[in-house]
Amino acid sequence: MKAPNGTSLTAMANAIRALSMDAVQAANSGHPGMPMGMADVATVLWSRHMKFDPAAPAWADRDRFVLSAGHGSMLLYSLLHLTGFEDMTIEQIRNFRQLGSITAGHPEYGHTLGVEATTGPLGQGISTSVGMALAERMMNARFGDDLVDHRTWVIASDGDLQEGISHEAISLAGHLGLNRLCVLWDDNHISIDGPTELSESTDVLKRFEAANWAVSRVDGHDMEAVDKAIEAAKSSDKPVLIACRTTIGYGAPTKAGTAGSHGAPLGPEEIEGARKALGWDHPAFEIPDDIYAAWKAAGSPDDHAAWRDRLAGHDKADAFVAQLSGEPGEAELKALADWRAKVAEEKPVLASRAASGKALEAIIGDWPSLAGGSADLAGSNLTKTPGVGIVKAGDYAGQYIHFGVREHGMAACANGMSLHGGFRPHVATFLVFADYCRPSIRLSALMEQPVVYVMTHDSIGLGEDGPTHQPVETLASLRAIPNVQVFRPCDALETAEAWEAALTRLDGPTVLALSRQKLPHLRSDDGSENLSARGAYVLADTDGTPDVVLIATGSEVSLLVEAAETLSADGIKARIVSAPCVERFLAQDADYRDAVLPAGVPCVAAEAALRYGWDALIGRDGAFVGMTGFGASAPADALYAEFGITAGAVADAARGLVRA
């Protein structure tokens, strides 16, 4: 097979191999085997089938390419360099894995133009791609083929397919009929420990077939066969898996086909032998002009130009651009403000999960990009609003997705929807199952994706389901992830404010930790200012300097109110601080933090969870009323009494500090 200028596709693939083994050798670190093995497949895909424009990496209707096998990052960096992505210079290739380069060890979204997703942990890339493919179909349902008509391509490894998260995502993709998704499996029979037969005997094609995928198998070094398989995939009515039988480290004289080429430099002698075997007689990092020309002729600038013309004349152009921007418009902001004012006026007594459901119901009609669902817990998470359309195979116009019991895959799918653009995804489960979502939440934070995680049943207050479902350590563990903001609102008004903070945030994820039990309305203001946006604020104060500050989140804030009344009768002046988002409060300037928590005034914190993290607010000498171990199975009131999380305990702790 040849490029239009007569250059053979094999020579183009060998350029990938050469750059990959040279860069890994120069860095003395990396994974040359996978790029060398999949170079033929990638060359056919990028030169003959991919729709992209190197001059416009963010073109909305480009095909998405996800290198799920992120350890083989030099495959992607080579492609970006050879096809003419301006930032991916040969100097960047030379500086592979070095400080300050854009060629990190694994592809990093936001760090390198052309990288569609951060794909370090295996399984995350292929799972994220399902969200991209879903977002494409959902945007297509709204704006039609003229504006939205692209595909999602994935190169995945054995490790990607073994990780549990991919099983969930594969099942969801097949159920939803995401036929614009094609996975090219690097079926090289090698893992780090050696041959895959050491730990794997699954018939992968049958597994995908059972999940409603179309499957085929090709020799990954037969470019004609690869080309035909990809062409056939484009007419499938199902998502497609193409098993590409390859040789890892293809061309290396002694390490090809072995684990020795997987995760270490080949070495000078092996590279010299590979050059001879491949007929590549060029020095390190040198690519002949004819090969550069062939690669730079790939891509779809004409398609991009035609698409720009269609967009300019389209009657939905403004709505399309606005939805892609992610920025809330006037209607969205007004819906949030109106709901906040309504809650402040009506002062409902609701569980915060119920208050969250009502907030969604109030705003979703004015927020077309707001879409999401629950891990088979719609009746508990209350994220399914009345009258909202359901996303299903062949009908993608709705805003609610039944993810099934797939927390791992659901969270990765949300990242993919956000990365694709056009949607503000929200996904929901019980807070204790945030651990199933944790790798994806971490990547949401790392990639600065504004996914909203609705996590209900936030404490021992869920009651009879017992300690397996009571998330005593989960709040602290989520707060420990950089760039994650965790809101635990104390009433319906704070819940409305938390949703507003989450939906107006564009640089990272937000977790809403919501109660099962009803919460009293504690605020007396008119809701004109979002007090929760600063993380913590004075809910109720005393005359003059307080003797003690009582600070809490969520359901425990109401205990402070009762405790303060008791302390007042004893002549102790207590300030009440609600802290719905600890991370936001700690990010405020020192003057604000000191105004809320005055220096020298002792503090008592209350939260039906572990103390970890609270010392940043109350100090080592502050008192904490909360959990020290796991919960138990009993009604919520009995559990709060059993574990000493009561207004009386807060008052006693305050007395001890004041009289110390």
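## Briefing on a predicted 660-residue chain

Residues 24 or more positions apart account for 78% of those contacts in the protein chain that have a separation of 6 or more, a contact being heavy atoms within 4.5 Å. The model is predicted, with local features requiring pLDDT of at least 70 and side-chain atom pairs counting only at pLDDT 80 or more, while totals for chains, interfaces and linings use all residues. Residues are numbered from 1 along each chain as its sequence is written, and side-chain values rest on heavy atoms, with hydrogens and water left out.

**Overall fold and dimensions**

- The protein chain has 26 helices and 20 strands, which are DSSP runs numbered from the N terminus (helices H or I, at least four residues; strands E, at least two).
- Taken along the principal axes, the C-alpha atoms fill a box of roughly 90 × 55 × 45 Å.

**Surface and charge**

- Of the 660 residues, 61% count as buried (under 20% relative accessible area, with exposed over 50% and partly exposed in between, for a 1.4 Å probe and protein chains only).
- The chain exposes about 24,100 Å², of which carbon and sulfur atoms supply 49%, the areas coming from the Shrake-Rupley method with a 1.4 Å probe.
- The mean positions of the 53 positive and 85 negative charges are 2 Å apart, where Lys and Arg count as positive, Asp and Glu as negative, and His and the chain ends are not counted; each charge is placed at NZ of Lys, CZ of Arg, CG of Asp or CD of Glu.

**Surroundings of Arg488**

- Arg488 is found in the loop between strand S13 (485-487) and helix H20 (492-503), and it counts as buried because its relative accessibility is 0%.
- The side chains of Arg488 and Glu556 are joined by a polar contact of 2.6 Å (a pair of N or O atoms within 3.5 Å; within protein, one must be able to donate a hydrogen and the other to accept it, and residues adjacent in sequence count only if both atoms are side-chain atoms).
- Leaving aside neighbours within four places in sequence, the contacts of Arg488 include Asp458, Glu494, Glu556 and Glu607.

**Positive phi angles**

- Most residues other than glycine have a negative phi.
- Phe285, although not a glycine, has a positive phi of about 65 degrees; Phe285 lies in the loop between helix H10 (268-278) and helix H11 (289-296) and counts as buried at 12% relative accessibility.
- Asn483, also not a glycine, has a positive phi of about 70 degrees; Asn483 lies in the loop between helix H19 (474-479) and S13 and counts as partly exposed at 28% relative accessibility.
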